[in-house]
Each structure stands twice: as C-alpha cells, then as structure tokens.
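Hi everyone, thanks for making time this morning. Let me put the sequence and the structure up on the screen, and then I'll walk you through them.

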Amino acid sequence: MLMCKDLAEIASDYIDDELTSRRKLSVKVHLMMCKDCRTFIGNLRTTTDLFKVHSSGRVDEEFLRRVDERVAEALNAHETNGSESD
Ligand SMILES: [Zn+2]
C-alpha cells in the first residue's frame, strides 16, 4: 500500500508520466482515497503545467476531471454502503 510520504516522493515522476503502469495504478488508487494527496498532486500539476504551457500549450484538465469523478463515485458508494448499517 502506497503511503502519503511515498506518494510525495514520486509525485513529480507521476506528473511527468515517468512511472511504470503498475506504480501509476498505486498512485491513482491512493488519490481516490486520499484527498490531501489529490490536493497536493493538483497543486504540483498546476505548477508543472505553468512551465509546460510554454513548450506544449496543453493542460491535462480532462484527466483531473476523470479522477474527480471516480473519487466522487467511490465516496458515494462508500457512504451508501456504510452510513446506515443498522
Ligand atoms: Zn495520501
């Protein structure tokens, strides 16, 4: 299981797409569960994008939106399953 400190260490590689697909999956799973790291990655990505805009002019907002949707789904599923257990 990936920890927050592990994610922080590989976050820039994740944003630069330099991780193995298996490693990327661990990051994505962690991001689905951990709002703090989503904020962290989001901020880091924004900063990175500011530099990248000059070379490519492309911002990967579509990806972030998809992650957001999955997180929302995961949270909804979690709440409907767990909130009324009686
Ligand atoms: Zn985390």
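**A walk along the helices**

Of the 86 residues in the protein chain, 6% are buried, where buried means that 20 or more other C-beta atoms lie within 10 Å of the residue's own, exposed means 12 or fewer, and partly exposed is in between, with C-beta atoms placed from the backbone. Please keep in mind that this is a predicted model: local features need pLDDT of at least 70, side-chain atom pairs count only at pLDDT 80 or more, and totals for chains, interfaces and linings use all residues. Residues are numbered from 1 along each chain as its sequence is written.

How confident is the predictor? The average pLDDT of the protein chain is 83, and 79% of the residues score at least 70; pLDDT is the predictor's confidence in each residue, from 0 to 100. Among the elements, α2 has the highest mean pLDDT (95) and helix α4 (residues 61–82) the lowest (78).

The protein chain has 4 helices and 0 strands. Here helices (H or I, at least four residues) and strands (E, at least two) are DSSP runs, numbered from the N terminus.

Let's start with α1. With its 12 residues, α1 reaches 16 Å from first C-alpha to last, close to the 16 Å expected at 1.5 Å a residue; the expected span is 1.5 Å times one less than the number of residues.

Next comes the loop between α1 and α2, where we find Asp17. Asp17 has a positive phi of about 60 degrees although it is not a glycine. For context, most residues other than glycine have a negative phi. Is Asp17 buried or exposed? Asp17 is exposed, because it has 8 other C-beta atoms within 10 Å.

Now, how do the two helices on either side meet? Helix α1 (residues 4–15) and helix α2 (residues 21–33) pack at about 115 degrees, with axes 11 Å apart. Those axes are lines fitted to C-alpha atoms over the stretch in contact, and angles run from 0 to 180 degrees between N-to-C directions. Leu7, Ile10 and Tyr14 of α1 make the contact with Arg23, Lys24, Val27 and His30 of α2, contact meaning C-beta atoms, placed from the backbone, within 7 Å.

Last stop: Arg45, found in helix α3 (residues 35–55). Arg45 is buried, because it has 20 other C-beta atoms within 10 Å. Arg45 and Asp60 are 15 residues apart in sequence, and their C-alpha atoms are 9.0 Å apart in space.

Technical notes. Two residues are in contact if their C-beta atoms, placed from the backbone, lie within 7 Å.
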